[in-house]
There are 2 protein chains.
Amino acid sequence: MTVDAPVIAHLDPPRRTLLGPGPSPVDDRVLRAMSAPLVGHLDPVFIRTMDEIQEMLRYVFETNNRLTIPVSGTGSAGMEATIANLIEPEEEVVVCIHGYFGERMSDMVSRLGGRPVRVECDWGAPIDLDKTREAWRKSNARILFGVHAETSTGVLQDLRPLREIADERDGLLLVDAVTSLGAHSVGADRNGVDACYSGTQKALSCPPGLSPVTFSERAVEKIRARRTPCSSWYLDVGLLLNYWGSDRVYHHTAPISMNYALHEALRVILEEGLEARADRHQRNHRALVAGVEAMGLAMQVAPESRLWTLNTVRAPENIDEAKVRKRLLEEFNIEVGGGLGVFKGKLWRIGLMGAGSTENNVLLLLAALEKALADEGFKVKDSGVSAAAALYSNEKS
Amino acid sequence: MTVDAPVIAHLDPPRRTLLGPGPSPVDDRVLRAMSAPLVGHLDPVFIRTMDEIQEMLRYVFETNNRLTIPVSGTGSAGMEATIANLIEPEEEVVVCIHGYFGERMSDMVSRLGGRPVRVECDWGAPIDLDKTREAWRKSNARILFGVHAETSTGVLQDLRPLREIADERDGLLLVDAVTSLGAHSVGADRNGVDACYSGTQKALSCPPGLSPVTFSERAVEKIRARRTPCSSWYLDVGLLLNYWGSDRVYHHTAPISMNYALHEALRVILEEGLEARADRHQRNHRALVAGVEAMGLAMQVAPESRLWTLNTVRAPENIDEAKVRKRLLEEFNIEVGGGLGVFKGKLWRIGLMGAGSTENNVLLLLAALEKALADEGFKVKDSGVSAAAALYSNEKS
């Protein structure tokens, strides 16, 4: 112990308006839930909490799957948990790639010793179903992967045609619902989804740190029939089930405070109801679109495929999108995201997720964006605020 | 959306005195830190927070290692992160097993496609160095694994002889410091530790959810020279370094609120200083031992190998240890742990970690334990409270 302790000041983060790709704004009651006293991870009180979280997660996933739990990591941990448990070495997986997260899944499959059959589709459009069907028919894969809500592009994918393709050969449908769960209906049972993961920090409006996952009985059967153990001990759902199931066998120490937060965030969703929550997300999305289009900006995604939670808005030519984001953050305390991959430097990703999807935030963002664009030399066509306000007025009348 | 939302009551956990194997009690200022407003994971404010956390973690690990970060999962995720990055398929690892966590490491090595060379030692005693040296010499391993603080047995392991064995062949020393970091000096640089992981929920007195890890330059070189990619995308330290390093490349969304908590928990440690903190843990441990021995109970571990943070106390013959724990929890709101593995049903694991290592807690526990034992039909020899109080008085005079 030879070194002096460094001197670090108390942390006092500013109150940002989080309208990026996540984390999303969190209700104060959810933040307060985390400061409740800690109990042990095998405490009867915590075990009841776990049961309630599972019950509420089943409601938001719209499933009866027994194996429905929050994985103790962020969304990417849930992504890795689903694929690491489902595939075995050398196994083929058809991976539809129409954005950053399809690429990530392809990478994960390779690392786990599997063989991704890559269906490369255009970024910013839905999955190419003909290509997918062809790849599925040519492969020996039992797993078809698609992203329900591509956070990198703002595209919502219809799950039914993917289910139909997988049904040609008793396939398991694996779905990324990180940016849809809690806003767009995932309908895990209705859509025949066999495994699905999400993150807490998007439309569930909970701080990042947990990843809700759900597995169908067919998926659990495949996992039970594994010839090799899951390469990850931490994410092995067989072991996790012993803890989350009735046995309560010690696995790892669950992140207690994060589970408190998720419990409260889910209660907020239950109080609002999934349908009302979906309507709210849709309405605010439409107001934002009306606003940005009135300003003369263009949406990246065609109207029928737009996410309500994550809006990709093209930056005008000759405007440095990063500078606009910097102005929004520094002058207005508003965070929006930039583009990823092929969209880097070309668009903004504007999140309206969970507690962040409000009329106030839409109007504030449009006002701030107009000012920031003007300061960068871009004059808007018409007032975005007026266009959005008009939409809200019409909806109410 | 066919089902009605379940009705779940607000969560109102009791204020337990957490004297088990973790989570440990957390200062209110750490709990409060989690309810600070969320910022984005690429926000300049959060990036400064990350820098400060790294600086403070280097202080508690006693290292200058650049690669010193909190992994976004609990202690077991850090365990998996160290080994998954360090080994390649078919590689041998000498794993010293003198408790539950050595077993877990052996399991992880196997799952990752490596070959554990198991050095099986007695539970409740330090690692058998002769056996370890022999195994090391006979194997081709480049990695030697040992547990600094066995949470399952209460044994503290001297790291220097392990370093000496590894030095016979330029070996990397991988160390589990989950239950020592922040109390017993880990001295990563002084002890020549090449990779080390811990958890936030033990002597760091922070809620569970993050796992601090550190890698020496030699360990980083081995990782850079990998022939195969790390099987875990989530835990790939090459990718993590791009985010925690100067590039700030998006990897996963960091658990913002958990990092706020860790920031504040580390500030608490810095204010106290590592040496004063070690002294406090030692003093309260000695008082507890004086108390339980006065009562006629026996410690499981020999005096020279006892952890200050985790005290294993043998349950008297004919006493159901689980019933005593239940009484402590229900009558006194005190959590202590039971035995794991070979010690199941045979001992209590009493944690005095971080904010939980106080004179108040020692005296309260001894008083409550005396009462619970009496209710189960065991009459103590002498007053544990008096013996502990005497020790405190002597120390102060």
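Domain bounds are taken from an automatic or database domain assignment. In this predicted model, that assignment divides chain A into domain 1, covering residues 28-270, and domain 2, covering residues 273-396. The centres of domain 1 of chain A and domain 2 of chain A, computed over C-alpha atoms, are 28 Å apart. The contact between these two domains involves 24 residues of domain 1 of chain A and 22 residues of domain 2 of chain A. On the domain 1 side of chain A, the residues touching domain 2 of chain A comprise 12 nonpolar, 11 polar and one charged.

The contact between the chains draws 74 residues from chain B and 74 residues from chain A. On the chain B side, at least two residues each are supplied by the helices α1 (28-34), α2 (44-61), α3 (75-86), α4 (100-111), α9 (256-272) and α10 (274-294) of chain B. The most is given by α9(B), which provides eight residues to the side of chain B that touches chain A. Sorted by class, the side of chain B that touches chain A consists of 37 nonpolar, 22 polar and 15 charged residues.

As to confidence, the average pLDDT of chain A is 96, and 99% of the residues of chain A score at least 70. For the model, the ipTM is 0.96 and the pTM is 0.97.

Notes:
Residues numbered from 1 in each chain as written. Chains lettered and ligands numbered in written order. Predicted model: local features only at pLDDT ≥ 70, side-chain atom pairs only at ≥ 80, totals over all residues. Contact = placed C-beta atoms within 7 Å. Nonpolar A, V, L, I, M, F, W, Y, C, P; charged D, E, K, R; others polar. Helix = DSSP H or I, 4+ residues; strand = E, 2+ residues; numbered from the N terminus. pLDDT = per-residue confidence, 0-100.
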